Every structure is written in structure tokens, then in C-alpha cells.
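Thanks for coming. I will go through one structure today, strand by strand and then chain by chain. Please have the view open.

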There are 2 protein chains.
Amino acid sequence: MQASAMVQVQNSYREFVPARPRPALRDVSQAIAPAPAPRTACRPKDLSLLEGLDTETTRQVEELATARIRLKSGQTLFRTGDRFSSLYWIRSGSFKTVTLLEDGCDQVGGYHMMGEVIGTDGIGSDSHGCQAVALEDSEVCALPFDRVEALGRQNCRFQRNLHRLLSREITRARVVAMLLGTMQADQRLGAFLLDLSQRYQERGYSSCEFVLRMTRSEIGSYLGLKLETVSRSFSRFQREGFLKVERRVIKLLDRASLKRLVDCSQ
Amino acid sequence: MQASAMVQVQNSYREFVPARPRPALRDVSQAIAPAPAPRTACRPKDLSLLEGLDTETTRQVEELATARIRLKSGQTLFRTGDRFSSLYWIRSGSFKTVTLLEDGCDQVGGYHMMGEVIGTDGIGSDSHGCQAVALEDSEVCALPFDRVEALGRQNCRFQRNLHRLLSREITRARVVAMLLGTMQADQRLGAFLLDLSQRYQERGYSSCEFVLRMTRSEIGSYLGLKLETVSRSFSRFQREGFLKVERRVIKLLDRASLKRLVDCSQ
DNA sequence: CGGGGATTTGACACATATCAAGAGCGGTGG
DNA sequence: CCACCGCTCTTGATATGTGTCAAATCCCCG
């Protein structure tokens, strides 16, 4: 069961059909983004599952997460309908999750970066309800879920961490629903950028200068907008002096105004 | 800790300020809805947490859920910011959950009926991220979460059930986000009605004739629409012969057409 | 019987989608 | 090296779906 789970995972990312490679942006992203955070500072944020664990349990979790999976930009980690057996802990890079509806229409349902765990929606139905695609060259660890559960039965702090992780996922999805249900285009994009900014900061990167890993179209899909609308909102933000945008490079200049726009529906 | 948790809960629903009582609809709802399902048929659907448990563990779960809390229509079970200590298992009646944003703008984030468990968003932050309001006279059981976790450590089937429950909550929230992000007004309302229909059926009630527990305004909030738009969509559905609507009483006449409308963006 | 909320419906305004054109950039092949 | 291609992104003109405002009706409730 354990072994077959691992095989399953490997198949899942190996059977990949090399889709259109993603735009490179090598120079820009290398130059600007990941000024790698000091290892120690980054560590505690690494994985919420590790918070507050004794060294022995920490060791066990890390042992559980030994096998690394490398994905090139554009590759799929798991697909809708794939049998669920593991959660995936993103060690480097970033992913989008795409939800597909029966009629073929799809939506980007989430953007996930280093340190986060994806695949949680598969627990309930034993198969993944969405597709995870690498937005850049990335590395993940598979966390076989039976072993995660076993560890949860054994260590109650770890158990709590797992539950918090799942619960936060619920909260996050609710916040997105809130955003889609109540906000206008500008506010949605603003909220998205501020969220990104905060998550980068938490990971030790610059909070006011970062590179978008998604196209306008993907961002639009995530925010329930069309790509043209996203582009126009970016332009408006730049015109108003809230930020500077150059293709995918974002510099936040006036976070306060952006926050005001998002917070109060004005 | 256990005891204080219970006190907390009791305070939470007792300190209630009797808001405007909800419209009664007593006659209609009594007449139409709950043709009470046979107890045996209903039982397995009662609580997904109980699925597949041995009798001893089932007993333990039921023991854990002894204290019943009664709420009148319009009363609040928990509020945003309340300290989290328990999940709540809805034994009868129904609830809406309302998410509040900092700026006071709020949104109905969910509709929950008999058999479902609410309060899961509190696990991650130790305080509730939304407010739960009874949509009719209702009864819930508090499930103190430490004891739920303890039982999870002890019984791996129960643990799995808990994880499935949390995961399904994630999936459900994602589906709502999908709905809000990609569908138009008619489709959203159609999807909402079909979802209700299915959930009533699963509980042994009629799937084609039911009473809405929410106002047009609440439905609109849930679907990211204004109440007028909801009303217009209802009228359109009726005009097209998909259903018959009379205030809050819905009779689905042509489920197939409704489903077609929802599925294919036409 | 009167008052207040829920609901419906119409007219109009506005935000966003749609359609269309063009510019910028990167990659590829001659 | 340049020309070409494909893709992303931007911007404009217009169409459309919903929101907004307003009025009337219905129903429940005191």
C-alpha cells in the first residue's frame, strides 16, 4: 500500500506530456526575486506541520518526506481524478491548482508557493478534485497520507498541526469566495497582490517587489475576471501610482492606498 | 478546559440578543417539507463521522455529543472571533454561516442542514472566522474538539472520517468559488437549487419540492448577486417552466433543463 | 386594520465582457 | 544576423449582464 502509493505518484508526474513550455523570464526572475532567505529564518515557516514538534517527531516527519520530486515549469504534479495517496509539500517553486467542471470549463483555484502543502482536497474522495501544475521549475516532497495519519495518532501536536492546516485551507477558500462574491475587479486584483506580498514577506522575500508567476489570463481565471480586465486594472494601478508593473515584475509603491481600495468598498 | 469549553458555548448562544425574529412560514413548511425520513434510512447519513465505526466507538462519539443546544430561528450559535472549542453537529433545522470582512461588508458563506458539521474554520486560528445563525428553530450537539481529536488518535477509522469531513469542506468551498468565478446569475441560482435538491434527497426528503430557508437577499449574498437579480432569475425559471416558485416554496418541474443550463455555459 | 419586511418588476446606470487591432518580447530557422 | 512566428500584454470601441433606484404588491404580524 505504501509502496504502491509511491509508484502511483511517480507515474503521475512522469507520464507528463510536455505541454507548451512556460515563458522563461529567466533573467528578470533570477535578478529580482528569491534573494534566498537565511536558512534559519526560513525554517520555522517551512512547514506549519512542524511547528512546535519535539526533535524526535520532527525527525520522523522529515524522514517521511525524503523522496523529492522535481518538476519542470508547466509539468503536472497530479491531475483531476488521480487516485489520492499523498499530500505534497512544496520545497521550492510554485504551483497553480486548476479545477475542472464537467463541461470542460475550468478555473484556476489556487496559487501555492514554497512551504505550502497541496493535495488536501483529495482526502475526502480518495481522488484529486483538481490539477496541480508547476508555474516554474519546482520541487516537492510527497507525504504519504496513511503515514501522516499514523503520525497524527501517535503525536497530538502533529495531529493538531495537521488539523490546523486543513482548517486554514477551508478559511482560505472561503476568503476567495468572499472576494469573488463581493469585490469589484480593482479590489480583487489589489487583494490578490497584497496577499502575494504578505506571503512573500513571510518567506523572507521582498514584500514590495516580486515576479508574478501567472499570466494575466491565469490571474483573471483565479479572480473571476477576463485577462483584459486584469490588464486594465494593472494599468489603472500604475496610473494612480500604487505600483509599477512591467510585464510580470511588480513593485508596490503605495501599499496603503492599495489596502484602502481593497478594504473599503468606497 | 473541557468544562470551560462547554460554558463558553452556552454563553455563546445564551447571550444572544433576540434579533428580528425570522418570518415564520409555519404552515407552509410544516405542510410541505420534513416528511420525516424513516429513522433507519436516515441514520447512516446522520453524520459522516460515524461511517463504518464499530459499535463501541460509535457509542463513544454519541456520548461525546450528548449535550444538545436548542436555538430559535434567528439566534446565533457562534460569532466571528468567538474562541473555538467545539464543532457543532446539526441535529435538526438549518444554519447560515456569515463571513464578515473588516470593513463591515459581509457575505453568506454557507447554508448548512441537518446532519452536517459546522465550525471547522475555527480549528486553524482557535477562533471562529464566521458567524452561524439558525434559519429556523434548530438543535445542535457540541463536539468538544479536544475530545474529537483524542478519539481520532485512538480510532483510525474515526480519524479518517474526520479528515474526510474537513477535506470535503475544502472541496465544497472550492466549488462555491468556482461557481462565483465562472457562472452567470441564472447558472448560479440553478446550481444552488440543484445542490439543495440533492442534499434534501440524501436526507430522505423530497428532492423536487422544498422550502427555501433563506430570503432572496441571503441567497443573493451567498451567490454573489443582488436580491433583485435572484428574484428575476426565479421569475425567468418559472416563465421557462423549469420550476414553480411561490414565495419560498420551490417545486422543480424540469430538472434536466435546469441542469443543462448550469452545466453548459450554453 | 395598519405597519413593516419580503418580493416582484421596470427604467436606467455602470462594470465588465467581448471583439478587434496592434505592440513588445522571445524563440526559431534561414 | 535578420525575418518570422507565436504568445503575452495593452488599449480602444461596443455589447451585455447586473447593479441601482424606485414603485407597487403581497403577506405576515402586532
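Let me start with a question: in β8(A), which residue is the bridge partner of A:S86? The partner is A:P144. Before going on, the conventions: this is a predicted model, where local features need pLDDT of at least 70 and side-chain atom pairs count only at pLDDT 80 or more, while totals for chains, interfaces and linings use all residues. Residues are numbered from 1 along each chain as its sequence is written, and chains are lettered from A and ligands numbered from 1 in the order in which they are written.

A:S86 belongs to strand β3 of chain A, residues 86-92. Strands here are DSSP E runs of at least two residues, helices are H or I runs of at least four, and both are numbered from the N terminus. Two strands pair if DSSP finds at least two bridges between them. β3(A) runs antiparallel to β8(A), residues 138-144, with six bridges joining them. β3(A) also pairs with β6(A), residues 117-118, again antiparallel, over two bridges; there A:Y88 is bridged to A:I118. Five of the seven residues of β3(A) are buried, meaning that 20 or more other C-beta atoms, placed from the backbone, lie within 10 Å of the residue's own; 12 or fewer is exposed, and in between is partly exposed.

Now chain B, and strand β11, residues 249-252. B:I250 and B:L252 make up the covered face of β11(B), B:V249 and B:K251 the uncovered one. β10(B) and β11(B) form a hairpin with two residues between them, and B:R247 in the turn has a positive phi of about 55°.

Next, how the chains relate. A rotation of 180° with 0.0 Å of shift along its axis puts chain B on chain A at RMSD 0.0 Å, by least squares on C-alpha atoms of residues with pLDDT of at least 70 in both. That is the relation of a two-fold axis. In chain B, B:R153 comes closest to the axis, its C-alpha at 2.0 Å.

Finally, the contact: 38 residues from chain B and 38 residues from chain A, counted where C-beta atoms, placed from the backbone, lie within 7 Å. On the chain B side, α6(B) gives the largest share, 19 residues.

How values were computed
Two residues are in contact if their C-beta atoms, placed from the backbone, lie within 7 Å.
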